[in-house]
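Colleague: Could you take me through this model? I would like to begin with the overall fold and then turn to individual residues.

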Amino acid sequence: GINVESVDIAHNNAAAQSVLDIQILDGEDGLQYVFDYAADRYEQETMTEFQNLFQNVVAAIVNNANTDGYDFGQLKKDLRVKESLMQKIKDVFAKKK
């Protein structure tokens, strides 16, 4: 499989910044990503929860890219998510300050 790891979770306090920016970097050691989020909207715990979900989704997709018939239904089972993935993401981001 491909290594997927977090590089950084940063919070910003600038009102002009977007709510969430994600940078995905394809390096020699695999995929790396950086989250930059609006600290006035979300707690660190919320972003850590989203980071874990994001990392698990990306890792599952990358590691099953060559698996015939791998789809969102299987992804959902692999992640042990009962609701839809979009609902899970909405639930995470519903936790605002």
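Modeller: Contact here means heavy atoms within 4.5 Å. The model is a predicted one. Of the contacts in the protein chain with a separation of 6 or more, 59% are between residues 24 or more positions apart.

Colleague: Which pattern does the protein chain follow along the sequence?

Modeller: The pattern is β-β-β-α-α-α, with 3 strands and 3 helices in the protein chain.

Colleague: What percentage of the residues is buried?

Modeller: The protein chain has 97 residues, and buried ones make up 30% of them. Its accessible surface is about 6,500 Å², and carbon and sulfur atoms contribute 47% of that.

Colleague: Let us turn to Tyr37. Where does Tyr37 lie, and is Tyr37 buried or exposed?

Modeller: Tyr37 belongs to strand E3, which covers residues 30-38. Its relative accessible area is 2%, under the 20% cut-off, so Tyr37 is buried.

Colleague: A change of topic: how many salt bridges does a search of the whole structure find?

Modeller: The search finds 1 salt bridge. Lys88 forms it with Glu49, and the closest N and O atoms are 4.0 Å apart. Lys88 is in helix H3 and Glu49 in helix H1, so the pair ties together parts that are 39 residues apart in sequence.

Colleague: How accessible are Lys88 and Glu49?

Modeller: Lys88 is partly exposed at 26% relative accessibility, and Glu49 is partly exposed at 27%.

Colleague: Finally, the backbone. What is the phi of Arg80?

Modeller: Arg80 has a phi near 60°, which is a positive value in a residue other than glycine. Most residues other than glycine have a negative phi.

Colleague: Where is Arg80 placed, and is Arg80 buried or exposed?

Modeller: Arg80 sits in the loop between helix H2 (72-79) and helix H3 (85-93). Its relative accessibility is 75%, over the 50% cut-off, so Arg80 counts as exposed.

Terms used: Residues numbered from 1 in each chain as written. Predicted model: local features only at pLDDT ≥ 70, side-chain atom pairs only at ≥ 80, totals over all residues. Heavy atoms only, no water. Helix = DSSP H or I, 4+ residues; strand = E, 2+ residues; numbered from the N terminus. Buried < 20%, exposed > 50% of the residue type's maximum accessible area, 1.4 Å probe, protein only. Areas by Shrake-Rupley, 256 points an atom, 1.4 Å probe, with all protein chains shown as cover. Salt bridge = Lys/Arg side-chain N within 4 Å of Asp/Glu carboxyl O.
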